[in-house]
Amino acid sequence: MKFMNKKRFGSTVMAGALALSLAAPAFAANNTSTTITGAYTDIPIAVSVPTTGTAQINPYGLPVTITKSNDTTVDLVGQQITTKPLSVKNQGTVSLDMGVSSFLVTPTGDISIAAAKTVEKTIAVNLEVAGLDDTTLAVSSDSENLDNLIIDAFADEDSWANADTLAAPAFAQGATASTINPAKKDNMAVLGAVTPKSEGFTYGRKSIALFRLTGDLAQEPVDGSSNADPWKETDGFSAAIVFKFTPHADVDAAVTLDQSSLSLAASANANLKATFAANDTELTVTSWAWATSDATVANTNTSNTTDTALVANTGTGSATITVTATLSDGTTRTATCAVTCA
């Protein structure tokens, strides 16, 4: 019995000791301090950029055939410098601004690079970057058809309608690269983020940008004495492009009017045109509405549901015309025009 009592007593002591140890942090001294050390750590940006590319001088812009993985072909046509398909793909969950920190074209053979072509072998070379907005490219990262879709987009001149352009700096024949300042430009395209999934990710409709070299050159060049100087296989160039990527600050959808103010003579009227920009959203306009702050000064048809309104002078003074766009997510965007009536 005495043994059992001792055993119980021992258990009680241990339990008490445990309780004291658990409570100990509550008795920490006042005015304690924490030291945090910091240092730069490089965080890689998930972007796929080709390390090499191929272009050819093509004075007559003849078709260059590209064969896809399914053995079908497309032609690149009308380009005096024809670049085989090149693209940059965002593979991260943050949208990126794509710029160029260095662009230099070094000529070889009898070529010189300049701002404009001449009758000689002086050519103008541009870098074009086209951010895509195409739902057909919103495919899985392991899609076997993605490269073919990019080739089709590259061959379609509509893809380049809004491309941003950077001209190569002048580079005379025989000059050295150390004497040339490379060209550079920020924000040539926006690469949309991807959507992660259990394995891999899905590209967004804006996650991919195309880039190519284009040029302007004489079809049948001459030398300094105006003698024929045909293009030769030794005539060429080497283009070095260094891209840079920074996080993109998303731009919200917005509505603007083609005029921010109007002055109307007596009995006069004028049209106001509203424009919607989805910017970095995927929103669309579901309805338009117009209103005036004072119908006795300037009025518009409040039952109008289009993006254009007729504003009429109905008196003298000042009024504000407001257009409201209701968007596909139920939110609204507005724009105003100050109207002065005589």
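Mentor: This is a predicted model. The count of salt bridges comes to 15.

Trainee: What makes Lys68 and Asp152 a salt bridge?
Mentor: Their side chains meet at 2.9 Å, N to O. The cut-off is within 4 Å, so the pair counts. Lys68 sits in the loop between β3 and β4, and Asp152 in helix α2, 84 residues apart.

Trainee: Why is Lys68 called buried?
Mentor: Its relative accessibility is 11%. Buried means under 20%, so Lys68 qualifies.

Trainee: Is Asp152 buried, partly exposed or exposed?
Mentor: Partly exposed, because its relative accessible area is 30%. That value falls between the limits of 20% and 50%.

Trainee: How do you know that Lys273 and Asp307 form a salt bridge?
Mentor: The N to O distance is 2.7 Å. The limit is 4 Å, so they pass. Lys273 lies in strand β18, and Asp307 in the loop between β20 and β21. Lys273 is partly exposed because its relative accessible area is 34%. For Asp307 the value is 24%, so Asp307 is partly exposed too.

Trainee: Which pair links β9 and β14?
Mentor: Glu128 in strand β9 and Arg212 in strand β14. Their side chains meet at 2.9 Å, N to O. Both residues are buried.

Trainee: Which residues are linked in a network of salt bridges?
Mentor: Asp110, Lys121, Asp229, Lys232 and Asp235.

Conventions:
Residues are numbered from 1 along each chain as its sequence is written. This is a predicted model: local features need pLDDT of at least 70, side-chain atom pairs count only at pLDDT 80 or more; totals for chains, interfaces and linings use all residues. Side-chain values use heavy atoms; hydrogens and water are left out. Helices (H or I, at least four residues) and strands (E, at least two) are DSSP runs, numbered from the N terminus. Buried means under 20% relative accessible area, exposed over 50%, partly exposed in between (1.4 Å probe, protein chains only).
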